[in-house]
Amino acid sequence: MIDNKEDRIRESIDQIEPAAGAKERMLENIRRKAAAQAELPKETEIKTSQPAEISRVNEEKPKRAGKTAKSSGTAWLLRWALPIAACLCLLTLGVLKLLPGKKPDPVGVGTDVLTAGTYEQVPGEVTDISFGADGAEYTVVSFVYKGWDCVLYKLGPKEEAPVFEELTQPSENEAFGGAVYCEVRRDQKKYQKLMWTEENLTDILLVPEQMKEDVLRGLYRELTK
Amino acid sequence: MSETALRTDADFEAFYERHWLYVYRLCYTYMCSEADAEDCAEDVFVKVLNGTFSFKDETHERKWLTVTAINLCKDRLKSYAHRNVDSLDREDMPEIAAPEPEDDLSEVREAVLELPPKLKDVIWLYYFNGYSTDEIATMLDRPPSTVRNQMRDARNLLKERLKTDFGSE
């Protein structure tokens, strides 16, 4: 007898049973489909020396300022104070940009060194910037490079990488200095993803799937010089 | 805990053994057809077999499979809608030989299957996997407030259909 009404949903799904022989049939089909896919010509050589980015994810994705709150006590801070600080930061950057001959140092809530470094690193126009809350070493910068909307994640050594659904196998790509390249999906949109690590900081770059390789290479060079 | 790398056939078969029924049931919840559910579930495992993934633990495996299966099913449903194609052989497939349900669970199951895909996400992750709304928000990359609203909408639809409350947070 099921007392808990919520258990009824679980129990009702538990009663979904596949057709007879489905388990073996599916396994056979899986092997057949996998073999057929493996025979398709590949554009880049697949290397397995570096674990897929998905393997670095344990539990939650890094939190973005203003979007999550651990308790009601910090809810106001995350909801209002940090976004206001980010807006003031952008305003300061915008004003200082008008001054000749100097790139402004952003004052960021969170990890100033990480944020400033990320901002300095990004070519093109910055359209959004967010920081990890509660001292998390995590910066996300959205920017426009040659007309393309791009996102750069900069993660400290203790931060977990964000989860994306991988559409192709991640592989080290020599055209990008050994950075790991793959195509991913996020929010039902497809992106190209590059990931590399330097001095204990991890960079993850998301660019539209339509961006051509030479443009991406140029962007990567500017980000890593 | 050491990572699980699916490097050999035996590794993959053990992985498949652990998760095939869960993935099938998840796909069935979206596709509502045995053939489509099998097809989608197979494609999920093909991604694993042809990928170079390694998972931290079974929880990580389950989470990855859940997100991948949901996205795959939704893409498939979109392509069916775009091509005006009905689900594969739905009427031709033999009926599921389900055991006699207790408490009219078949009605509950039908109500869940009739939910819109976006609401199925949160129902599945909350009731079937036991994730909190914050965890669901992270996995689906939606604001927690959106997830809570969707939970409320899903419960209201189930309540309307089944004339019974399904609790609140």
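Predicted model: local features only at pLDDT ≥ 70, side-chain atom pairs only at ≥ 80, totals over all residues.
Residues are numbered from 1 along each chain as its sequence is written, chains are lettered from A in the order in which they are written, and side-chain values use heavy atoms, without hydrogens and water.

**Exercise 1.** Find which helices supply at least two residues each to the lining of the second largest cavity.

Solution. On a 1 Å grid over the protein atoms alone, a cavity is a set of points where a 1.4 Å probe fits but cannot get out, and lining residues have an atom within 4 Å of a point. The lining consists of Ile9(A), Arg10(A), Ile13(A), Val112(B), Ile123(B), Trp124(B), Tyr127(B) and Phe128(B). Helices being DSSP runs of H or I with at least four residues, the answer is H1 (5–14) of chain A and H5 (117–128) of chain B, with H5(B) giving the most, four residues.

**Exercise 2.** Describe what lines the second largest pocket.

Solution. A pocket is an open set of points with protein on both sides within 12 Å along at least five of seven lines. Here 22 residues form the lining, and those nearest the centre are Asp187(A), Gln188(A), Asn71(B), Leu140(B) and Arg142(B). Helix H3(B) contributes the most, with six residues.
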